[in-house]
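User: I'd like to go through this model with you. Can we start with the surface and then move on to helix packing and charges?

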Amino acid sequence: MKAKHQRLVLVVLALIALVGAGLLAAYALRNQASYFYLPEQMQADPPQVGQAVRLGGMVAPGTVEMQADGITVTFTVTGREDSAVPVRFAGILPDLFQEGSGVVAEGRLAADGTFEADKLLAKHDENYVPRELQDMDEHQAAEMARETTIGIE
Amino acid sequence: MHGFANPKRFLALAGWLTPLLLVSGFFVTAAALYWGFTQVPPDRLMGETVRIIFIHVPTAWLGMGGWTAIAISSLVFLVWRHPLAAIAARGAAVPGLVFTLVCLATGSIWGRPTWGTWWVWDGRLTSMLVLAFLYIAYIALAQAAQREGVSARIPAIFGLIGAINIPIINRSVVWWNSLHQPPSITMGKSAIDGVFLAPLLFAVIGFSLIFGGVVLARMRALLADIQADARLRRRAMEAD
Amino acid sequence: MREALDQWLFVYGAYALGIGATLAMMAWSWLAMKRAEARREKVRSGSRVGK
């Protein structure tokens, strides 16, 4: 009797774990597939105004501007192709948010075509380079980076 | 478990290899982590948090390696019926689970200062979480199979099926564009500067030695349990 | 406005957690192995005496 109960509990636990795993995977896939936009996708096939989506791309250099209120930041997110989506965000920027590096913005498209972000996540690239390189001028750093970061297509 | 292959040779080997792996792994890992913690310069963007890589990456690889070991051992067990392979598969489960959990936890701690969030339902993170659940289910299943005297083939089949998740984890950052960066280290190539790469390789070696030692210790414990139970059962039958 | 988090806190946390879990796993697996092997020896010697 006791053994039977134990077996039952184990089977149920295993089933819950498997179903949970499947649901998590499906949830993640759904999130990725229909709610993640690249800038070129957002321009070609924009989501409905007000629908919660994610926008992922690169912060275009020279576009980050602090507004007069001191808390709202505007910048442009670009993708691989020649595309640009203006983004507005009011809040605390993550420490790794920088011009020229990756960003994932969670929010919604406003009627004027600006992406209103509730949350900004900084995306790191696959390169790990010590801080010393940052003190060199850009040309040197690029040279050095090319030598140390092999394998990026 | 009928027809248990004589594990004498395995026990003779594991007798001295288990402490050797654990002790050497301890010292290599300690040296690598000390190196990474104190000697490595901060990363250009991530700053000091880059040091987490020396725990996060080895445990991630071994978490996936653990299930690969389960799958290969399960296949050997199913095809050649070698009972020691079933023990080996079960031996890899606990260290695999622990390293997967350490990988998830350190990744979460790393994500907060670099990405700005503790967790995101990204393909890589989700598939790694699924791996942790698979380990838990596998351990429960293997234990139940032993206790109930059910064939060890059932957990072995589960171990094989669960291996589908490994290539999914591996490819997840390429398939689903999201927060986790693409692989830095692929076949023969690395986008990691030498000052970070050298201690990382040492940490991988050290954690692997520990992993091997724990697998052997688990296998010895499982074997001893099975042998003791078998003897008790035989004695109970003789007494009847 | 930047978050300006103290990065070292996160490094300490990750190292404490990773090292603690690894050491605990090593200690537990070693002790569990010793316990299981001691039990096997006890059962073995017990059978020779004939209980």
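**Surface, helices and charges**

Analyst: In this predicted model, B:V23, B:F26, B:F27, C:I19 and C:L23 make a nonpolar surface patch of about 440 Å².

User: Which helices supply at least two residues each of the nonpolar patch?

Analyst: They are α1 (8-38) of chain B and α1 (7-49) of chain C.

User: And where does the largest share come from?

Analyst: From α1(B), which gives three residues.

User: Take B:F27. Where does B:F27 lie, and is B:F27 buried or exposed?

Analyst: B:F27 lies in helix α1 of chain B. The relative accessible area of B:F27 is 55%, so B:F27 is exposed, the cut-off for that being over 50%.

User: Changing topic: helix packing. At what angle do the axes of α4 and α6 of chain B cross?

Analyst: The crossing is at roughly 160°, with the axes of α4 (residues 123-148) and α6 (residues 165-175) of chain B coming within 8 Å.

User: Roughly parallel or antiparallel, then?

Analyst: α4(B) and α6(B) are roughly antiparallel to each other, because an angle over 145 degrees counts as such.

User: Left-handed or right-handed crossing?

Analyst: α4(B) passes α6(B) in a left-handed crossing.

User: On to charges. How many salt bridges over all chains?

Analyst: A search of the whole structure finds ten. One of them joins the side chains of B:R51 and B:E48, at 2.5 Å from N to O.

User: Are B:R51 and B:E48 buried or exposed?

Analyst: Both B:R51 and B:E48 are buried.

User: What about chain C: which side chain meets C:R40 in a salt bridge?

Analyst: That of C:E41, with an N to O distance of 3.3 Å. C:R40 has 7% relative accessibility and so counts as buried, the limit being under 20%. C:E41 is partly exposed, at 39% relative accessible area.

User: Which arginine of helix α1 of chain C lies three residues from C:E41?

Analyst: C:R44, about one turn of the helix from C:E41. The side chains of C:R44 and C:E41 also meet in a salt bridge, at 3.7 Å from N to O. C:R44 is partly exposed, with a relative accessible area of 29%.

User: Which residues are joined into one network by salt bridges that share partners?

Analyst: B:R220, C:E37, C:R40, C:E41 and C:R44 are joined into that network.

Conventions: Residues are numbered from 1 along each chain as its sequence is written. Chains are lettered from A and ligands numbered from 1 in the order in which they are written. This is a predicted model: local features need pLDDT of at least 70, side-chain atom pairs count only at pLDDT 80 or more; totals for chains, interfaces and linings use all residues. Side-chain values use heavy atoms; hydrogens and water are left out. Patches are made of residues with over 30% relative accessible area and no salt bridge: like charges are joined within 9 Å, nonpolar side chains (Val, Leu, Ile, Met, Phe, Trp, Tyr) within 5 Å. Accessible areas come from the Shrake-Rupley method with a 1.4 Å probe; for residues, only the protein chains shown count as cover. A salt bridge is a side-chain nitrogen of Lys or Arg within 4 Å of a carboxyl oxygen of Asp or Glu. Helices (H or I, at least four residues) and strands (E, at least two) are DSSP runs, numbered from the N terminus. Buried means under 20% relative accessible area, exposed over 50%, partly exposed in between (1.4 Å probe, protein chains only). Axes are lines fitted to C-alpha atoms, for helices over the stretch in contact, and angles run from 0 to 180 degrees between N-to-C directions. Angles under 35 degrees count as roughly parallel, over 145 as roughly antiparallel, 65 to 115 as roughly perpendicular and the rest as oblique. A crossing is left-handed if the near helix is turned anticlockwise from the far one by less than a right angle, and right-handed if clockwise.
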